[in-house]
Amino acid sequence: MRNTQALLLETDFPTIFRSTLNTLQMNLGYLCNLSCQHCHVNAGPKRTELMDKDTMKTALAVIEKYQLEILDVTGGSPEMNPHFKWLVKQARALGVKVIDRCNPTILLELGYEDLVDFLATEQVEITASLPCYLEDNVDAQRGKGVFKTSINALKKLNEAGYGKTGSDLVLNLVFNPQGPTLPPEQTSLEAAYREFLQQNFGLEFNHLFTITNMPIQRFGAVLLAKGQFENYMNVLKHAFKPENLNQVMCKTLLSVDWQGFVYDCDFNQMLDLPMAGRQRHLSDLLHHDFSGQRIETGDHCYGCTAGQGSSCTGVLQK
Ligand code: SF4
Ligand code: SF4
């Protein structure tokens, strides 16, 4: 697979600095039951990298030290990490909001039958990927049958109270474009998702997050293979909006890889761009506060600042 890294690091992206940390985003490993075409972490069923419990303990110490408000777990399928439930329970006991970036099909896999009840009991917020409301598009991007399984899993979440009116259990959905284009306007797409999913499947959810595809890893390789990389970068750069710079997620979030090394964001993690210019571990954060530090940037950062802006919680211009 060809790599876009060298094409992204020489950049004219403006200099930005970290603000006060409030979110730890932890990648619990690259193991996943799917292998989607747009996956920016190259996750899949054969990956063996998984975060261990000691690293999780250090993360919890960092959460306490900085009094962080949010633990955002991702992967792969984070639920496939054998210590997932332990970590969630510990974080919830500290009063931290936990967000599970969930590929909904995992909820119906053998061996995960009790997962929905566990998530509901711990009041974990679910951000579930559903890259389109049309079956053909989802199956083309994620694999045959993934749409139907995802819908069934979302129904199971609704039955447990997730996404239902009047319930505290939050279910957000994530859209990302099929190809090298910017996402459509989030509010109107959310309305279209809501109408279609309600009418066709009786499904409810709280919010839809539209996320711009990053020109890295598997999606970056597809762009290169199809000769679309340069065009896509031009799309991102021409849509640059300076007002998005103040709201990019790396200002308040720190991304942790499965071994405990830290990065300004998940995308930098995948590009092997460590925070503050050299490899640092979660344990370094126990002794040194990196607030105000310059953020490591590259041309991929235009993906966060194009148009409505993009982050793990959808557009920046809400
Ligand atoms: S995009 Fe998500 S569900 Fe698909 S392979 Fe990557 S981690 Fe797994
Ligand atoms: S890719 Fe986005 S979140 Fe990551 S460093 Fe660049 S602007 Fe920040």
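The following paragraphs lead from the sheet of this predicted model to its helices and then to its ligand. Residues are numbered from 1 along each chain as its sequence is written, and chains are lettered from A and ligands numbered from 1 in the order in which they are written. In this predicted model, local features need pLDDT of at least 70, side-chain atom pairs count only at pLDDT 80 or more, totals for chains, interfaces and linings use all residues, and side-chain values use heavy atoms, with hydrogens and water left out.

Eight strands make up an open sheet of mixed pairing, in the order 6-5-4-3-2-1-7-8; strands (E, at least two residues) and helices (H or I, at least four) are DSSP runs numbered from the N terminus, and two strands pair if DSSP finds at least two bridges between them. Strand 6 (207-210) and strand 8 (262-263) stand at the edges with a single partner strand each, so one side of each has no neighbour in the sheet.

Further in, strand 4 (residues 125-129) and strand 5 (residues 171-175) run parallel and are joined by four bridges, and Thr-127 has Asn-172 in strand 5 as its bridge partner. Helix 6 (residues 146-159) packs on the sheet, where it touches strand 4 and strand 5, contact meaning heavy atoms within 4.5 Å.

The axes of helix 5 (residues 135-142) and helix 6 come within 7 Å and cross at roughly 110°, axes being lines fitted to C-alpha atoms, for helices over the stretch in contact, with angles from 0 to 180 degrees between N-to-C directions. Helix 5 is therefore roughly perpendicular to helix 6, a term for angles of 65 to 115 degrees.

Around ligand 1 there are ten residues, of which Cys-32, Leu-34, Cys-36, Cys-39 and Arg-142 come nearest, a residue being near if one of its heavy atoms lies within 4 Å.

Note on methods
Parallel < 35°, antiparallel > 145°, perpendicular 65-115°, else oblique.
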